[in-house]
Amino acid sequence: MEDEGVAEKRWNFKPNGVLAHAAKLPIKGTMQAIMRNLDGGDTRSTIALCQGDPPVSPCFRTTPIAVDAVVSALRSSEYNGYAPIAGILPARRAIAEYLSRDLPYKLSPDDVFLTVGCTQAINMAVSVIAHPGANILLPRPGYPYYEARAAFSGVEVRHFNLIPERNWEVDLDAVESLADENTAAMVLINPGNPCGNVFTYQHLAKVAETAKKLGILIIADEVYGHLTFGSNPFVPMGVFGSIVPVLTLGSISKRWLVPGWRCGWVVTNDPNGILKETKIVDGIKDYLVISSDPATFVQGAIPQILGSTREDFFNKTIDILRQTADICLERIKEIDCITYPCKPEGSMSFMVELDVSHLADILDDVDFCCKLAKEESVVILPGSSVGFKNWLRITFATEPSSLEEGLRRLKSFCQRLAKK
Ligand SMILES: *Cc1c(COP(=O)(O)O)cnc(C)c1O
């Protein structure tokens, strides 16, 4: 007994290995690896052209109307208790009305379920369809949180490509050949992250017909809804809800520039009641029983945030995004080893192609981004972390002056490494 030291003590617990696997997938993990290169002795300030937090830039401040809405909700003392599992009725009603403005039918508050940001909306959508053996079709390039959630829920992932030469439209032939009787859903992100594309009405109609033919539902991530500045207007997938059932995911994070407020939604766009019939709605309610919900006072502020925000706030954000996207395009044109297939028309980022064959001592996009961070203190996300090797994802939701400076450093880095 005496020599049974601590070293021999056996514990019955250990971490769930699936977590470690799933956690490697989201962008946050890759970013941390690249950030580690930043202490290379460069004394200049770090410029993050990766998915940052737009509100850190003074030009991406939310509207005082939203702030006042939260303050009065808090002051009222009406929202200090627990909320119903789907969220408080006034918030669900406000979201139903807000989204119905763009639809050919009216949503009811019963179609709306509040979530902790769009992140939990993704979590919910993937968890609900995760019956044993199920698979899901995800876009590539895409938003890796889907891969992570699918890995954690044991859902098999099959990727279809977005086609750069066709303004990042879905490769619908690939979708058809990937799907089988275990395919539950396909994910569509519009306006697109990471591509910055905006799908046309005609293309979305084709996607809807394809999904209907395959008998799958569409998970429409519209967290960037209405953040468009090109020729294609934003068309919500819910417009096609009578062709195919759609789960629309969204939040106030991006359009209102308040990702820290953690309030989002899952909405059933399903005038034919297929999601009720197939018990997906029951699955959503069951999920809500075992999960958490956004802070009640933020829910309390939702009707005023959605109902009273003025157009000029939205227009200002759009104007800045158009301006910063243009800065990117102009500066990228000056860099020989980087090209882009099409201009961004929405969201806050876009994809550019990197030609490493013209650069000395650069293996691939990851190597490029690590060295760029080390030598220039500029952080850009390598395309491989969103599924496209030797591409880069550039986020333009940044203060114009620091964007200019970051792109200047990117250019001089590429010039320095260019093969003679
Ligand atoms: C930012 C983002 C999310 C997460 O939104 P939150 O409301 O901040 O949780 C989901 N999907 C995409 C495509 C995003 O870019």
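**Reading helix packing, domains and backbone geometry**

Mentor: Helix α5 passes helix α10 in a right-handed crossing. The model we are looking at is predicted.

Trainee: How is the packing of two helices described in general, and what are the values for α5 and α10?

Mentor: Two packed helices are described by the angle between their axes and by the distance between those axes. For α5 (residues 117–128) and α10 (residues 280–289), the axes come within 9 Å and cross at roughly 125 degrees. These two helices are therefore oblique to each other.

Trainee: Which residues make the contact of α5 with α10?

Mentor: On α5 they are Gln120, Asn123, Met124, Ser127 and Val128, and on α10 they are Ile280, Gly283, Ile284, Tyr287 and Leu288. Sorted by class, that contact of α5 with α10 has 6 nonpolar, 4 polar and no charged residues.

Trainee: α5 also packs on α6. What are the angle and the distance there?

Mentor: The axes of α5 and α6 (residues 145–153) come within 9 Å, and they cross at roughly 40 degrees. Angles under 35 degrees count as roughly parallel. α5 and α6 are therefore oblique to each other, and their crossing is right-handed.

Trainee: Which residues of α5 and α6 meet, and how do they divide by class?

Mentor: Thr119, Ile122, Asn123, Val126 and Ser127 of α5 meet Tyr145, Tyr146, Arg149, Ala150 and Ser153 of α6. By class, the contact of α5 with α6 has 5 nonpolar, 4 polar and 1 charged residues. Asn123 and Ser127 of α5 are named in the contact with α10 and in the contact with α6.

Trainee: Are α4 and α11 roughly parallel or oblique to each other?

Mentor: The axes of α4 (residues 89–100) and α11 (residues 296–308) come within 8 Å and cross at roughly 30 degrees. The two helices are therefore roughly parallel to each other. Their crossing is left-handed. Pro90, Ala91, Ala94, Ile95 and Tyr98 of α4 make the contact with Gln299, Ile302, Pro303 and Leu306 of α11. By class, this contact of α4 with α11 divides into 8 nonpolar, 1 polar and no charged residues.

Trainee: Moving up a level, how is the chain divided into domains?

Mentor: Domain 1 covers 26–60 + 312–417, and domain 2 covers 64–308. Their C-alpha centres lie 27 Å apart.

Trainee: How is the size of an interface given, and how much area do domain 1 and domain 2 bury between them?

Mentor: The size of an interface is often given as the accessible area lost when the parts come together. Here, domain 1 and domain 2 bury about 2,700 Å² between them, with 68% of it on carbon and sulfur atoms. In domain 1, Phe314, Glu345 and Phe388 lose the most area to domain 2, together 25% of what that side buries. Counted by contact, 31 residues of domain 1 touch 30 residues of domain 2.

Trainee: What should I look for in the backbone, and which peptide bonds are cis?

Mentor: Most residues other than glycine have a negative phi, and most peptide bonds are trans. In this chain, the bond from Arg140 to Pro141 is cis, with omega near 0 degrees. Pro141 is placed in the loop between β3 (135–140) and α6. The bond from Asn193 to Pro194 is also cis, with omega near 15 degrees. Pro194 lies in the loop between β6 (183–189) and α8 (201–214).

Trainee: Where is Ser377 found, and is its phi positive or negative?

Mentor: Ser377 is in the loop between α13 (365–376) and β12 (378–379). Phi of Ser377 is near 55 degrees, a positive value in a residue other than glycine.

Terms used
Residues numbered from 1 in each chain as written. Predicted model: local features only at pLDDT ≥ 70, side-chain atom pairs only at ≥ 80, totals over all residues. Heavy atoms only, no water. Axes fitted to C-alpha atoms, helices over the stretch in contact; angles between N-to-C directions. Helix = DSSP H or I, 4+ residues; strand = E, 2+ residues; numbered from the N terminus. Parallel < 35°, antiparallel > 145°, perpendicular 65-115°, else oblique. Left-handed = near helix turned anticlockwise from the far one by under 90°. Contact = heavy atoms within 4.5 Å. Nonpolar A, V, L, I, M, F, W, Y, C, P; charged D, E, K, R; others polar. Domains from an automatic or database assignment. Buried area = accessible area lost by both parts, 1.4 Å probe.
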